[in-house]
Amino acid sequence: MSNRLPLKIALVGCGRVAEKHLQAINYLAKKNKNRVKRVELTALVDPFAEARQRILEKYKHRNQVNFFDSLEQMFSNLTNHKNKPDLVAITTPSSQHYKQAKLALQNDCHLFIEKPIALKLDHATEILNLAENKNKKIAVGHIFRYFPVIGLIAADLAEGVFGKPLYGNVSVRWGHDQAYYDQASWRGTREHDGGSIMNQSIHALDLMYWLLGEPELLSAKGSLSTQIHQMESEDLGFGIFEFADDRWLSVEGTTNTDPNRPEASFFLRYTKGEIRAGILAGKISFSILDQNGQQLRLKYLKCDILQRIKQEGFSYLLQISNPHTGIYLDLINAISLDQEPLADGLSGLKALEMVIALYEDAGVDSV
Ligand SMILES: NC(=O)c1ccc[n+]([C@@H]2O[C@H](COP(=O)([O-])OP(=O)(O)OC[C@H]3O[C@@H](n4cnc5c(N)ncnc54)[C@H](O)[C@@H]3O)[C@@H](O)[C@H]2O)c1
């Protein structure tokens with residue numbers, strides 16, 4: 001399975017989220033503390049030349065980067081070329097993910113797919129099966145798994161430190177104005193995007209599912225409304241999920257709030273403790289209480305920071321605000337050690353399953 005470093009990366013889709021990928025790629029394309037250069041950007045793919053150029057200008061390294069209009073064109077040009085990518089990062093509109101993921105896997109590339117992994121369950125399953133057949137790794141853009149402290153909490157939960165998960169509640173108030181939906185024809189449509197649950201809430205659902213111990217989904221209730229935006233999909237959604245072993249999750253997801261104050265808040269209750277976390281206008285707060293009500297926040301934070309410095313050096317601390325760097329690091333590690341990254345393809349499928357179950361209960365056919 002192991003690939004030689006640096007891994008050659010093709011970035012497919014040069015829009016907004018591609019900038020987060022570029023920030024991570026810039027960091028990983030420098031030599032690390034072991035004097036190893038882990039990645040190299042070798043191709044930018046987008047039908048718009050200005051979009052490719054805009055991203056290239058942010059790339060800080062000197063190697064040659066090839067431009068292509070489409071992924072098909074890239075593979076027909078690079079298949080037997082020394083610059084053929086090892087890893088394809090898909091940052092295109094959500095309805096493109098399935099087709100592009102398949103093509104990349106058929107050409108023996110590992111994948112970083114932005115969330116949602118696909119818009120249909122059978123498409124996501126097909127991607128996972130193909131990756132398994134090809135022995136390739138998939139990471140999905142579920143950024144919350146890579147926020148500080150979260151990985152340590154998940155490991156302790158798995159060890160039973162907090163007892164049994166009981167329920168969770170998450171609110172994602174990620175305001176967008178009408179201009180956000182008007183900037184591209186795919187945004188807010190059922191066929192290419194979905195609304196506040198599929199697009200803005202899916203990584204929060206993924207995190208909650210993970211921290212509830214990844215139980216089997218038994219049922220979902222959902223209600224959706226399009227209150228203030230001119231768009232096809234919902235700008236407000238509510239859901240209640242029942243899982244095996246009497247575990248529960250409720251979600252509120254909206255884009256109707258102030259775009260200048262994006263907010264997400266998380267609450268998880270266990271038999272031996274509780275966790276609260278929030279982001280409001282970029283400010284993060286969190287609390288981790290044990291069964292005696294003792295605050296463990298500082299203990300986890302210290303441990304997290306020391307671990308990151310030990311693994312990556314002090315320079316990594318500047319990357320903490322970009323969880324995409326954490327996803328790339330985890331994926332590169334997974335490729336070299338033949339293991340699964342934290343936000344693997346299965347996490348993408350499970351999160352999609354929850355969104356689609358909520359949509360179906362709300363009377364919306366999955367696309
Ligand atoms: N993980 C996260 O935090 C996060 C954040 C934002 C968006 N996303 C996801 O990332 C994806 C892209 O979102 P965005 O906001 O960057 O969109 P965007 O519209 O800003 O960028 C998409 C880019 O893809 C290009 N494109 C379209 N079709 C293409 C094709 N067939 N081949 C190559 N390029 C093509 C467009 O020209 C555009 O430059 C979506 O799936 C979205 O859900 C994830």
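Start with the seven-stranded sheet. Select S7 to S13: these seven strands form an open sheet in the order S8-S9-S10-S7-S11-S12-S13, with mixed pairing. Helices (H or I, at least four residues) and strands (E, at least two) are DSSP runs, numbered from the N terminus. Two strands pair if DSSP finds at least two bridges between them. At the edges are strand S8 (217-225) and strand S13 (283-290), each of which pairs on one side only. Direction ignored, neighbouring strands of this sheet are turned by 5° against each other on average.

This is a predicted model, in which local features need pLDDT of at least 70 and side-chain atom pairs count only at pLDDT 80 or more, while totals for chains, interfaces and linings use all residues. Residues are numbered from 1 along each chain as its sequence is written.

Within this sheet, select S7 and S10. They run parallel and are joined by seven bridges. Asn-169 has Ser-250 in S10 as its bridge partner. Axes are lines fitted to C-alpha atoms, for helices over the stretch in contact, and angles run from 0 to 180 degrees between N-to-C directions. Two residues are in contact if their C-beta atoms, placed from the backbone, lie within 7 Å.

Stay on helix H9 (residues 202-211). How many of its residues are buried? The count is 10 of 10, and the helix is mostly covered. A residue is buried if 20 or more other C-beta atoms lie within 10 Å of its own, exposed if 12 or fewer, and partly exposed in between, with C-beta atoms placed from the backbone. Among the buried residues of H9 are His-203, Asp-206 and Trp-210. The buried residues pack against helix H6 (150-158), strand S7 (165-173), helix H8 (196-200), strand S10 (247-254), strand S11 (263-270) and helix H12 (345-361). Just after H9, Gly-213 has a positive phi of about 90°.

Ser-285 counts as exposed because it has 11 C-beta neighbours inside 10 Å. From Ser-285 to Arg-297 there are 12 residues in sequence and 9.8 Å in space, C-alpha to C-alpha.

Next, select S1 to S6. These six strands form an open sheet in the order S3-S2-S1-S4-S5-S6, and the pairing is parallel. Its edge strands are strand S3 (66-68) and strand S6 (138-140), each pairing on one side only. From one strand to the next the twist averages 20°.

Pick S1 here. Six of its six residues are buried, so S1 is largely enclosed by the rest of the structure. In a regular strand the side chains alternate between the two faces of the sheet. Both faces of S1 are covered, with Leu-7, Ile-9 and Leu-11 buried on one side and Lys-8, Ala-10 and Val-12 buried on the other. S1 pairs with strand S2 (residues 39-45) in the parallel sense over six bridges. Opposite Leu-7 is Val-39 in S2, and opposite Lys-8 is Glu-40 in S2. Helix H3 lies across S1, S2 and S3 and runs at about 120° to S2.

Move to helix H4 (residues 97-106), where the buried residues are His-97, Tyr-98, Gln-100, Ala-101, Ala-104 and Leu-105. Their cover includes strand S1 (7-12), helix H3 (71-78), strand S4 (87-90), strand S5 (110-113) and helix H5 (121-134). Just after H4, Asp-108 takes a positive phi of about 65°.

Finish with two helix pairs. Select H5 and H12: they pack at an angle of about 170°, with axes 10 Å apart. H5 and H12 are therefore roughly antiparallel to each other (angles over 145 degrees; under 35 is roughly parallel, 65 to 115 roughly perpendicular and the rest oblique). Residues of H5 in this contact include Leu-121 and Ile-127, and those of H12 include Leu-349 and Glu-353.

Then select helix H1 (residues 18-28) and helix H11 (residues 323-337), whose axes come within 8 Å and cross at roughly 55°. H1 and H11 are therefore oblique to each other. Lys-20, His-21, Gln-23, Ala-24, Tyr-27 and Leu-28 of H1 make the contact with His-324, Thr-325 and Tyr-328 of H11.
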